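Hi,

Here is the model I promised to pass on.

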Amino acid sequence: MTALEERPLSAGDSGYQRIRSDIIFGVLTPSGRLRLDAMKEDYGVSISTLREILNRLTSEGFVVAEGQRGFEVAPISIQNLRELADLRILLEHHAMAESFRAGDVEWEGRVVSAHHKLAATERTVLRDGDDPELRKRYDGEFHQALISSCGSRELMHTHAIVFDKYFRYALRYRGTETINQHKALLECALKRDIKSARGVLSEHINGCVAHALSSWKDA
């Protein structure tokens with residue numbers, strides 16, 4: 001089967017992706033009740049499929065199950081943001097170190113290609129205004145490319161989930177500072193300079209935390 005002949009997503013998988021995305025981008029508001037009857041109409045899936053989707057999202061930490069009361073969107077908080085930032089730094093520091101050591105020419109190509117797409121997206125954002133969904137796509141692909149030779153699918157999968165939960169707090173773009181940090185990470189990768197990469201990444205993530213906290217104060 002060629003890429004053009006790939007099977008379409010099932011209703012359940014499509015509903016899962018849409019609901020997950022709507023939680024990440026705030027369409028479904030933090031701590032908001034998830035009413036199955038309304039969601040059945042909005043997402044075009046059955047009540048039983050909705051329950052399966054929400055249970056899956058509960059296991060990932062995007063939804064909270066309230067016993068007999070049903071489901072609600074996982075809340076956001078300063079403490080949760082800081083925990084996710086610390087966890088992302090821990091995971092990504094380790095994964096980058098392993099990936100930098102094992103990375104070959106193919107890995108370099110993935111990193112360069114992912115950064116090229118991200119940099120083009122960031123230039124478009126500065127010129128035309130933000131598109132958080134597009135920005136998240138290429139931001140996530142770049143950071144996944146950096147760790148793609150770490151040798152652990154479980155580590156990459158866990159990192160991807162933490163990245164998505166973290167992005168709920170990163171909806172306001174920081175601009176040129178972020179662009180420069182992504183470029184620095186690319187340069188560190190090509191030089192296999194893990195020490196500098198760890199410093200840049202910590203500054204990058206902690207800067208996002210400070211920006212999010214500042215945005216909350218201004219709101």
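The buried residues of helix H3 are covered by a set of elements that includes helices H1 (11-24), H2 (36-43) and H7 (153-167), along with strands S1 (33-34), S2 (63-65) and S3 (71-73). Do keep in mind that this is a predicted model.

The residues of H3 that are buried are Thr-49, Leu-50, Ile-53, Leu-54, Leu-57 and Glu-60. They sit on the same side of H3, because the arc they cover around the axis is only 130°. Turn to the face pointing away from that buried side and you find Glu-52 and Ser-59, which are exposed. After H3 comes Gly-61, with a positive phi near 95°.

Arg-20 belongs to helix H1. Is Arg-20 buried or exposed? Its relative accessible area is 12%, under the 20% cut-off, so Arg-20 counts as buried. Apart from neighbours within four places in sequence, Arg-20 is in contact with Leu-57, Glu-60, Phe-62, Ile-161 and Asp-164.

Now for the backbone. Most residues other than glycine have a negative phi, so I noted the following two. Ser-31 is not a glycine, yet has a positive phi near 70°. You will find Ser-31 in the loop between H1 and S1, where it is partly exposed at 38% relative accessible area. Arg-192 is not a glycine either, and has a positive phi of about 60°. Arg-192 is in the loop between helix H8 (176-191) and H9, and with a relative accessible area of 28% it is partly exposed.

Last, the surface. Which residues make the nonpolar patch of about 230 Å²? They are Ile-76, Ile-78 and Trp-216. Trp-216 lies in helix H9, which spans residues 194-218. At 34% relative accessibility, Trp-216 counts as partly exposed.

Cheers

Key: Residues numbered from 1 in each chain as written. Predicted model: local features only at pLDDT ≥ 70, side-chain atom pairs only at ≥ 80, totals over all residues. Heavy atoms only, no water. Patch = residues over 30% accessible without salt bridge, like charges linked within 9 Å, V, L, I, M, F, W, Y side chains within 5 Å. Areas by Shrake-Rupley, 256 points an atom, 1.4 Å probe, with all protein chains shown as cover. Salt bridge = Lys/Arg side-chain N within 4 Å of Asp/Glu carboxyl O. Helix = DSSP H or I, 4+ residues; strand = E, 2+ residues; numbered from the N terminus. Buried < 20%, exposed > 50% of the residue type's maximum accessible area, 1.4 Å probe, protein only. Arc of directions from axis to C-beta. Contact = heavy atoms within 4.5 Å.
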